[in-house]
Amino acid sequence: MDSVDVIEGHLPNCRQKVPSKVSVVDGKSSDLSHILSKYIHDDAVYAKVRDLLNCEMEVGLARSTNANATVKMFITYVQSLPNGTECGDYLALDLGGTNFRVLLISLKGSSVEMKNKIYSIADELMIGPGYKLFDHIADCIANFMADHELNGKQIPLGFTFSFPCHQEGLAVGRLARWTKGFNCEGVVGEDVVTLLQQAIKRRGDINVECVAILNDTVGCLMSCAFSDHSTEVGVILGTGTNACYMEKLQRVELWDGINSEPDQVIINTEWGAFGDNGCLDFVRTDIDKEVDRTSLNPNKQIFEKMISGMYMGEIVRRLIVECASKGLIFNGHIPADLNTEGRFYTKYVSEIEQDEDDGEFSRTQQILDELGVIKPTLIIDCQRVQEICRVISERAAFLASAGIAALINRINKPNTTVAVDGSLYRFHPHFHNLMLQKTQSLTREGLKLHMMLSEDGSGKGAALVAAVAHRIRTTSSAHSS
């Protein structure tokens, strides 16, 4: 078997050939190549990124250096993966924005049945007293349970809470700060699981215990691990980026849990902050620095800003403007929309790269028309815009690959499955293949990897964490008896 195995059926066009560089033959091609050369690196550079990340991870894992680490390596307290014996009904709560979901997950052998309902959060609840927010959540859980005739049943719940937390146990997570427009008083510094349980208790009519709190990256890993037990890495590549992986306890100096089997724990790396200390400056360009400077969080999340969907479109836009200002595209004309920060969406990158070089470039033409580029758009302009998109998305995929290779090398098992989720990975036509090829080239010889699209990590994954926690608790109680 080839050392890189694509999981069929998990991603559209997963066998699609990665396109080669567009051939541009006029006299301006060398100028374009010079501009783009700053974003094109060989394997030696990506190997350096891989090794730097590994060093930064060691800093985050060490007790003496964790406080000053940029890659924080948070302990999740999730030590066990699904083993196929989990069964029964579990609830999942997915809170990460203005809407949240309540899910019922029924596990029966290898099958998973899911039911869910989306609930909204009013603006006043997002900025009001914290207890009102959690009362609303408890009300929605009760409504969901009534709809599915679950009243009177005792059901474990897994809570995906997509806000920065300091986790102190599997079911203890203190909110570090609100993001995404939330600013409820009385919650920062508090254990959100306790606040949820208090709200459930105030109702007094539902029997739900939150047995685990997690982020979407852990959920991504767990969701794939249910069907593929060799899954030990979870990666999010969407609006933002993050990764988690299974680490040996002996390497986790800040571990304060029970030293028992299994001798491992999932670590939430928070790798988006890799490079915040300047260690990635050797691969950053002037445009990378401009995008960072004008962002909401300057000098933070440097790795994320070179990879994720929140920033990729803006990097491409600035490159297009630079090329147009030098007369390399659009006859030097820069429409007002292209001069507007944030106007070139990352989804445009995926759509443009779906175009074949067949003399039509229909998607590219449509996007440039939306942006006010003067017609007729020359095919050479479409080729060059596509080339800019290709180079930036390729760099993003290769940087993510360097990070994944660092994790696989740390795990150091013959076969490791990487669970991946996020809009960038799902919808970009070439990201999957680019990552497979580059990750394998950066991984230690003899280690095989699989890459698998994760389905609903924040929902299904949360319920699976709850199911595993319930299985372990039940088994421990039986042994004690």
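**Note on the predicted model: salt bridges, helices and selected residues**

1. The structure holds 31 salt bridges. A salt bridge here is a side-chain nitrogen of Lys or Arg within 4 Å of a carboxyl oxygen of Asp or Glu. This is a predicted model, in which local features need pLDDT of at least 70, side-chain atom pairs count only at pLDDT 80 or more, and totals for chains, interfaces and linings use all residues. Residues are numbered from 1 along each chain as its sequence is written, and side-chain values use heavy atoms, with hydrogens and water left out.

2. Start with Arg251 and Glu247. They form a salt bridge, with the closest N and O atoms 3.0 Å apart. Are these two residues buried or exposed? Glu247 counts as buried, at 2% relative accessibility. Arg251 is partly exposed, at 29%. Buried means under 20% relative accessible area, exposed means over 50%, and partly exposed lies in between (1.4 Å probe, protein chains only). The pair also belongs to a network of salt bridges that links Glu58, Glu247, Arg251 and Arg410.

3. Two further salt bridges deserve a look. Glu168 pairs with Arg174, and their closest N and O atoms are 3.0 Å apart. Glu168 is partly exposed, with a relative accessible area of 42%. Arg174 is partly exposed as well, at 30%. Asp205 meets Arg203 at 2.7 Å, N to O. Asp205 has a relative accessible area of 41% and is partly exposed. Arg203, at 34%, also counts as partly exposed.

4. Now the packing of α10 (residues 346-354) on α12 (residues 379-411). The two helices meet at an angle of about 115°, and their axes are 9 Å apart. Axes are lines fitted to C-alpha atoms, for helices over the stretch in contact, and angles run from 0 to 180 degrees between N-to-C directions. Helices (H or I, at least four residues) and strands (E, at least two) are DSSP runs, numbered from the N terminus. The crossing of α10 past α12 is left-handed. That term applies if the near helix is turned anticlockwise from the far one by less than a right angle.

5. Which residues make this contact? From α10 come Val349, Ile352 and Glu353. From α12 come Val385, Gln386, Cys389, Arg390 and Ser393. Contact means heavy atoms within 4.5 Å. The set divides into four nonpolar, two polar and two charged residues. Ala, Val, Leu, Ile, Met, Phe, Trp, Tyr, Cys and Pro count as nonpolar, Asp, Glu, Lys and Arg as charged, and the others, Gly among them, as polar.

6. Helix α14 covers residues 431-442, twelve in number. Its span from first C-alpha to last is 16 Å, close to the 16 Å expected at 1.5 Å a residue. The expected span is 1.5 Å times one less than the number of residues. Why is α14 described as largely enclosed by the rest of the structure? Because ten of its twelve residues are buried. Among them are Phe431, His432, Lys438 and Gln440.

7. Helix α4 (residues 130-147) has 18 residues and reaches 26 Å, close to the 26 Å expected. Its buried residues include Leu133, Phe134, Ile137, Ile141 and Phe144. Asn143 lies in α4 and is partly exposed, at 32% relative accessible area. Leaving out residues up to four places away in sequence, Asn143 touches Lys117 and Tyr119. Asn143 and Lys117 are 26 residues apart in sequence, with C-alpha atoms 9.9 Å apart. Just after α4, Glu149 takes a positive phi of about 55°.

8. Tyr77 is not a glycine, yet has a positive phi of about 70°. Tyr77 sits in the loop between β2 (74-75) and β3 (88-95) and is buried, at 12%. Phe330, also not a glycine, has a positive phi of about 60°. Phe330 is in the loop between α9 (309-325) and α10 and counts as buried, at 6%.

9. Last, Ser458, in helix α15 (residues 457-480). Ser458 is buried, with a relative accessible area of 18%. Where does Ser458 make contact, beyond its neighbours within four places in sequence? With Asp94, Arg101 and Thr160. Gly158 is 300 residues from Ser458 along the chain, while their C-alpha atoms are separated by 9.5 Å.
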